[in-house]
Amino acid sequence: MRRTLLAALAVLLIGCTTGAASVEQTTLRVVMADDWASAPVVGEVIDAFEREHPGLRVQVHGSPFSQIPELVTAADELDQPYDLAHWHAFAAAAGGFARGIDDLWASAGLTEEMYLPGAVRDVTWDGRRYGVPLDVNAMVLMANRNQLAAAELTEDDLAEIDDLAEHAAALADLEGSDHAIAITASSWSAYGWIVAGGGQLLETGPDGELVLDEESRPTFTFDDPATVGAVANLVELVEVGDAPPPSAPDLALDAVAAFAEGRAPLHASGSWDLPLTRRVDPAAVETEDVAVLPLPQADPDDPRTVLGGSSLFLPKGSEHPELAFELMLALTERDVGLALVEQEGRLPARVDAYDDPLFESSPDLAAFVRQLEHAEIMPLIAYPELAIAFGDALEAALAGRATAAEAMAQVQRRAEAWTADG
């Protein structure tokens, strides 16, 4: 009987081994921003996805967010395409390296009403959808209430852009303040200040959508007076010493630390910095001491800001598009979005997530959410050559190598030459 049992067990083991070997081994190649690739929530979703798909390996490559387009196109040229990528789907479509997925939206029962309008614009190009929204954000102004009071200022005093320089000077003069606010050379951050100041870089419609001519070309407006004025305001803060020179490569992290430690009363950023400020020194800035406000506006009755966030898309060379789309859906589920809020400060793109009590119990998150309806995507992302030129011009102005007017005029000439060349 013992031999019979052993023989039966051997047959069973052979059968299991043969079955395991017969499972087709598939590798799903994914590229995401490095901070997303290392996020515990993302790792948990991927682990669960692999368990649900025997024989599947999800290979995630973390990269600086801005380098993802080059990685996707280079991988395709080397015949080693990514199956799923993280960036801005609308800009990937404009660059010609994203696959349209209206058919997959329909098969999955997705509708635009399921997502915030700005998030839908992040995946839409020329009337077609090229991805699924992952997260959203809005650039706001965080202010230390105690330091505002010490400078005899109220939150309402920060409502108008024309008053910012005067109030920044008062805040910078407080004991313990190194400066009032950090101004980075980030194009995204600068765009937030520009639209809040009434400016624009390209002609857009009333809902922030990009306006194209009959040949699908945009009209660039880098030299718009309101745009130049907004950049000049940032330059002035640096020139008078109320903001540090934006030359340090880690200025963004330094700005978070300065705000968290009370060395800078103001901080302009997205909600992802809220968890960071508390990790730096939880006792220095308590939740109730942080006011989350709209950026100072040219017209406070019509507030505007820049939309942050991202989306997932299928590169044109994706070898496993259906499987990649399935993973895309898993990463953008409501519960995953809520976990990302709590752990990473990322706001979900799905409308149904905002029914969760989390947003009622967290006043600072609720303040960010109120800005989402006023937030516009940065359409310049669709034109990377000119986005780089704008960043260079911005850096030149903040470093004092050119006036704001000179810098914006230079990039406008380049944009017009680019448009003329087709």
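**Sheet and cavity in a predicted model**

Student: Over how many bridges do strand S7 and S9 pair in the antiparallel sense?
Tutor: This is a predicted model. Strand S7 covers residues 140-144. Its pairing with S9 is antiparallel, and the bridges number four.

Student: Which residue in S9 is the bridge partner of Ala143?
Tutor: Strand S7 spans residues 140-144 and pairs with S9. Strand S9 runs over 290-293. The partner of Ala143 there is Ala291.

Student: Which strands are the edge strands of the open sheet?
Tutor: The sheet has three strands, in the order S8-S7-S9, with antiparallel pairing. An edge strand here pairs on one side only. That gives strand S8 (266-269) and strand S9 (290-293).

Student: What does the twist average from one strand to the next?
Tutor: Take the open sheet in its order, S8-S7-S9. From one strand to the next, the average twist is 25°.

Student: What volume does the largest cavity have?
Tutor: The structure holds one cavity of 30 Å³ or more. The volume of the largest cavity is about 60 Å³.

Student: Which element supplies the largest share of the lining of the largest cavity?
Tutor: Strand S6 (131-138) and helix H15 (334-344) each give at least two lining residues. The lining includes Pro133 and Leu134, as well as Arg334, Val336, Gly337 and Leu340. The largest share is four residues, and its source is H15.

Student: How many residues of the lining of the largest cavity are charged?
Tutor: Among the lining residues are Glu333, Arg334 and Arg350. By class, seven are nonpolar and two are polar. The charged residues number three.

Notes:
Residues numbered from 1 in each chain as written. Predicted model: local features only at pLDDT ≥ 70, side-chain atom pairs only at ≥ 80, totals over all residues. Heavy atoms only, no water. Pairing = 2+ DSSP bridges. Axes fitted to C-alpha atoms, helices over the stretch in contact; angles between N-to-C directions. 1 Å grid on protein atoms, 1.4 Å probe; cavity = no way out; pocket = protein on both sides within 12 Å on 5 of 7 lines; lining within 4 Å. Points joined across faces, edges and corners; volume = space filled by probe spheres on them. Nonpolar A, V, L, I, M, F, W, Y, C, P; charged D, E, K, R; others polar.
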